[in-house]
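Please look through the model below before reading on. My notes follow as numbered points, on charged pairs and on the nonpolar core.

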Amino acid sequence: MASASAGSRGRGVQEAVVEAVRCGRIDHLDEDLRLALELAEALTATPARVDGQLYQRLRASFSERALLELATAITWKNYLARFNRLYAVSDPGTFASNTEV
C-alpha cells in the first residue's frame, strides 16, 4: 500500500484523500470518487462482482466513455498487481525473481 499511495501522491492525489482511503473513512469524499472506489472494490474481488444497481449508479454519474476509462484503469492495475506476484515485484522499477515457486 505504501508504494501505491506514494505513486498516487506523485500523480497529484491529495494526501487527505490517500489517507481517507487507506483508513476506510471515505464518507466525506465526493460521490464520484466514492463510486469509483466502490467500482474498484467490485472489479478487484474474486470473482469480480458488479451488479446492476452499481452499474446504474455509475452510469448516472459517468459517461460511457468515462466509465470505460475508469474500468480499464482499475482492471489494468489489478492485472499488473496480480501478475507481478510471480516475480515478487513490489515497487515500481523493482524486480526480484520469485524463488518460492
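1. A residue is called buried when its relative accessible area is under 20%, exposed when it is over 50%, and partly exposed in between. At 31% relative accessibility, Arg59 therefore counts as partly exposed. The model is a predicted one, and that should be kept in mind for every point here.

2. Arg59 has a charged partner: its side chain meets that of Glu64 in a salt bridge, with 3.0 Å from N to O. Glu64 is partly exposed as well, with a relative accessible area of 44%. Side chains of opposite charge can pair when their charged atoms come close.

3. How many salt bridges does a search of the whole structure find? The search gives five. The Arg59 and Glu64 pair is one of them, and two others are taken up below.

4. Glu38 and Arg57 form a salt bridge whose closest N and O atoms are 2.6 Å apart. This pair links distant parts of the chain, since Glu38 sits in helix 3 and Arg57 in helix 4, 19 residues apart. Glu38 has a relative accessible area of 34%, which makes it partly exposed. Arg57, with 32%, is partly exposed too.

5. Glu69 and Arg65 are joined by a salt bridge between their side chains, at 3.1 Å from N to O. Both residues belong to helix 5 and lie four residues apart, about one turn of the helix.

6. Now the nonpolar side. The largest nonpolar core has nine residues: Leu35, Leu39, Ala42, Leu43, Leu54, Leu58, Phe62, Leu67 and Ile74. At least two residues of this core come from each of helix 3 (31-44), helix 4 (52-61) and helix 5 (64-84). Which helix gives the most? Helix 3 does, with four residues. In soluble globular proteins, nonpolar side chains tend to be buried together.

7. Apart from neighbours within four places in sequence, Leu35 is in contact with Leu54, Arg57, Leu58, Ser61 and Phe62. Arg57 is the salt-bridge partner of Glu38, so a student can follow the chain of contacts from Leu35 to Arg57 and on to Glu38.

Conventions:
Residues numbered from 1 in each chain as written. Predicted model: local features only at pLDDT ≥ 70, side-chain atom pairs only at ≥ 80, totals over all residues. Heavy atoms only, no water. Core = buried A, V, L, I, M, F, W, Y, C linked by side-chain atoms within 4.5 Å. Buried < 20%, exposed > 50% of the residue type's maximum accessible area, 1.4 Å probe, protein only. Contact = heavy atoms within 4.5 Å. Salt bridge = Lys/Arg side-chain N within 4 Å of Asp/Glu carboxyl O.
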